[in-house]
Amino acid sequence: MLKKYLIVCLSFILFISCNKEAALEVDMTQYNSDNPVPSELDDWIMSTLTNVYNIDVIYRYNRNLTDVSKDIAPPKLDRIKPVMEAVLNLYLKPYGELAGEAFIKKYAPKQYVLYGSVAYNSNGSVTLGTADGGRKVILYDVNNFKTGDVEGSSGVRRKLRTIHHEFTHILNQNVIIPPEFQEITKADYDSDWTNSANTEEMAKELGFVSRYARSQYTEDFAEMTAHLLIHGQIWFDNYVFTAPEDAQEKLRKKEEQVVQYFKTAFNIDFRELQDEINNRLKEIYDAHDPADLNSFAAWLDTEKVDKIVVDLREDIYNEFGVSEVFQQRWLDYKADVDGRGRFPTFMQFNFASDVDMRLEIEYLNSGGSSYFYYYDFDMDVEPETKEVRFTKRIPEGDSGAHNNGQLSHGLPGFEEFWLPYLTENIFIAEWLPSDIDKEHPDFRSYGGFYVKDDPTDYFYGTLE
Amino acid sequence: MRNNIFLWIIMFLFTLISCEKSGVEHLFETDPETRVSDTLKFIKNELTSAEYGWKVGLATGDKGGYGFYMKFDENDQVSMLSDFSEESATDMLTSTFRLSFNFFASLVFDTYNYITLMHDPVPGVAGGSAGTGYKSDIEYSFVRARGDSLIFAGKKYKHPLIMVKANKQEQEAYLNGGLYDFEKSFKDFYNDNYQFAYLGEEGQLRYAIELNYDGKEIQVSQINADSGIDTVFSIPYYNTPFSIELIQDLEWENETIKSFKIGSKDAVDAIFDNQNKTELKSQLLPLYDITEVFAYNKNFRKMTWSNIPDVQEQNHVFNEVNDLFAATGRTISEMYFEFTNSTTARVYVAYATTASSFSAAVTYKYRLEEDKLFIKYDDHNGNWNTRSAQVAPVNNLFGIGDKNDEREFRIEWTSSADKSVKVPIGAIRSVDNPTDLLYGELDR
């Protein structure tokens, strides 16, 4: 009987002991009364980024989403949309188009946290962005962002470089960087990258794309990718071109590894992605490519070319072709002068400086002796657009060859065929013929011009 | 019987275990979450229901106090003006705020507005220190409500944020640029009417009050009946369109000074918390004795030449030296008398021709007994000799060449009749010929 009672009682006690659960149910929503009415900006974020890409944008200051010990200013309200539009235009959409919507929706960070100022580090450097665990990207310094300023330290390129840099980390967290990459400049990584000895010049000489790239190979990879994507190939080629030879080799190897990584790891054509981003930069933000330091126009502008010899009798025209329009012009001219008892053989363009061009045409007299006609021009080269304009210099020079050019057998042909051709057209200076590739022994030993509005009308010749 | 005992035991056990949450007695009447929620709602309601907005002041760690006008609305928007600059005092800027709970009920100014200027860690924005700005917060913990005021404290730096409900007239003043107009007119008024400002009566305990516009604080020195300095402390202030408000109370004669206003006569009134007022007085000379501050091991060890207008003395040694140098085409960049240690003093002149810079110096042995100063020549450098014609006024005063020629002087204050001169001007006056003296601004 006693036992029976005990069992019944104990089981009762057991049952009612569970009631304490109730005390743990705390309504956490009570801890935050703010339930903000969405502003126009919030609606835009919701419809453009959250609904489409499942990306949350946190712009209202929250100390706990960054280093809590630091003082970091919140963003200005009017900068949020321009920044996120740039992210959309120059990062989400290009990846979406080239790698597919599924790719970008899967890998894009799901949370963007924006802060107005930079975050100061104890070594005096500042942080512009971080990526956590492939899911969260923090962007600092939003208050300085200006869409009208493309190249500046607070401009579109700089901000988007951070975005691409951070995204590269996310990609690297999914597919690791090929081990060969870190071997290229292994000895020169230095965690103390802010050291004053590590100048930009020094980083370049050692084969790094930026000072920060020296900190470690993962940053190097992200810096390479971000610079290539956001500054474009011409910028990178210029960078390489102005580096010492062994650094050039290292930079090219890294470039190759980056391109290869995107192909192997994610089947993305890096070059197309690069073009897409740069086209958008030009269309939406009115960005311009830097002048190609290695273009023929840049060579003219920096006085690296003395002379182009255009002698249509040479073999190169059989090998690489000739402009029919130009050839006909030469033949018509030659027929005109031949008819006056002199016999033109070839022409050359002489560049005494970046503003001088002298047209020099060799001819033979009836005795077979060689003479020249000289005609002086002013030249105006724009390396950014590669456009070249010639204007006739007056008065003409007074050397013997200049005088020859004014004689009755030389002048009419010049005035009919060369003067209008050279002065009435805008020319594009280019490495011609264009089908000589990098491996060809004659690569960059010829150059010339084509008429801007009519690329079939061109001439080129041996450079001296 | 045995059954009954068991029943009693069981009943007893039941009473022990049946503690449910709903049965817990709350020390503060309701659940913590309900109280949190109530506090947040209370603050939000207070903020948004103030029809004419708020008069706001805060203190920073590095640069005194700042005043604001703020108007909060239901949609988490706050518009503000600030006495930070002319622009911030006249162009209303709107941003967001929120109330959240993080150990305390907190008011967070969560997008950029004028209040962020003091917080911004970038020196280029408002001139604060890199990484810390003015040491000011944008997150504030609620401390208490009192009458028409809400008091908060910065989450990190703990400085106060004081909000007082504005009335219609005050709102209008803010919206019509009153913040900037007041700051400017108060500054002009103070400049025109005060040299060394103080509270109290001469011969009794006094407060020397120094207004530091750039630092946005007042410096208070307690001066005892013997013109000695007892203590020195600073209180940050902020502007409203009507007054300078102190962030901390200033106790004076058992009453509490809250603010300063332009008074009816040519004086500033200190306003007490009971609305009584007392006039801020002014005198030509500092309130404390020069011996309190001028010695090799005190606040000031140098007496420096600068262009001080309207000094009421017959001889102006430093000015004469300057003129003599200028007449030879040389420019003086720096010139001072200095106690270099407990026994040696010197006069130092840094000057330049168009080609190069030079310095001339002479040293003296000295004794300083209270305000009595005994000086005798000790040594000089080559340039002092080369420029002997230009430094002659100094040599005439202190002597040159004879190491046994001890001369007696007094250190004392002198003054300028120009009220814009608010720096202490010290003088070394000859006892034998009281019109002969050297004076200059006291310097560290």
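1. Two residues are in contact if their C-beta atoms, placed from the backbone, lie within 7 Å. In chain A, 63% of the contacts with a separation of 6 or more join residues 24 or more positions apart.

2. The model is predicted: local features need pLDDT of at least 70, side-chain atom pairs count only at pLDDT 80 or more, and totals for chains, interfaces and linings use all residues. Residues are numbered from 1 along each chain as its sequence is written, with chains lettered from A and ligands numbered from 1 in the order in which they are written.

3. Chain A has 15 helices and 14 strands. These are DSSP runs, numbered from the N terminus: helices are H or I, at least four residues, and strands are E, at least two. The radius of gyration of chain A, taken over C-alpha atoms, is 33 Å, well over the 23 Å of the globule rule for 464 residues, so the chain is more spread out than a compact globule. That rule is 2.2 Å times the number of residues to the power 0.38. The C-alpha box, along the principal axes, is roughly 145 × 50 × 40 Å.

4. Chain A is assigned domain 1 (40-285) and domain 2 (298-463). Such bounds come from an automatic or database domain assignment. The two domain centres in chain A, over C-alpha atoms, are 47 Å apart.

5. Of the 464 residues of chain A, 32% count as buried. Buried means 20 or more other C-beta atoms within 10 Å of the residue's own, with C-beta atoms placed from the backbone.

6. The largest nonpolar core has 68 residues; Val56(B), Phe68(B), Tyr69(B), Met70(B), Met80(B) and Ile209(B) touch the most other members. A nonpolar core is a set of buried Ala, Val, Leu, Ile, Met, Phe, Trp, Tyr and Cys residues joined through C-beta atoms within 7 Å. Strand β2 (residues 65-73) of chain B gives the most to this core, with 5 residues. Domain 1 (32-175) and domain 2 (179-283) of chain B both contribute, so the core lies between them. Another core lies apart from it, with 64 residues, among them Ile104(A) and Val122(B).

7. In chain B, 9 strands form an open antiparallel sheet, ordered β4-β3-β2-β1-β9-β8-β7-β6-β5. Its edge strands are β4 (93-96) and β5 (98-102). Strands count as paired if DSSP finds at least two bridges between them. Strand β1 (residues 54-59) of chain B meets β2(B) through 6 bridges, antiparallel. Gly57(B) there faces Gly67(B) in β2(B).

8. β5(B) and β6(B) form a hairpin with 1 residue between them; Phe103(B) in the turn has a positive phi of about 70°.

Definitions and conventions. A residue is buried if 20 or more other C-beta atoms lie within 10 Å of its own, exposed if 12 or fewer, and partly exposed in between; C-beta atoms are placed from the backbone.
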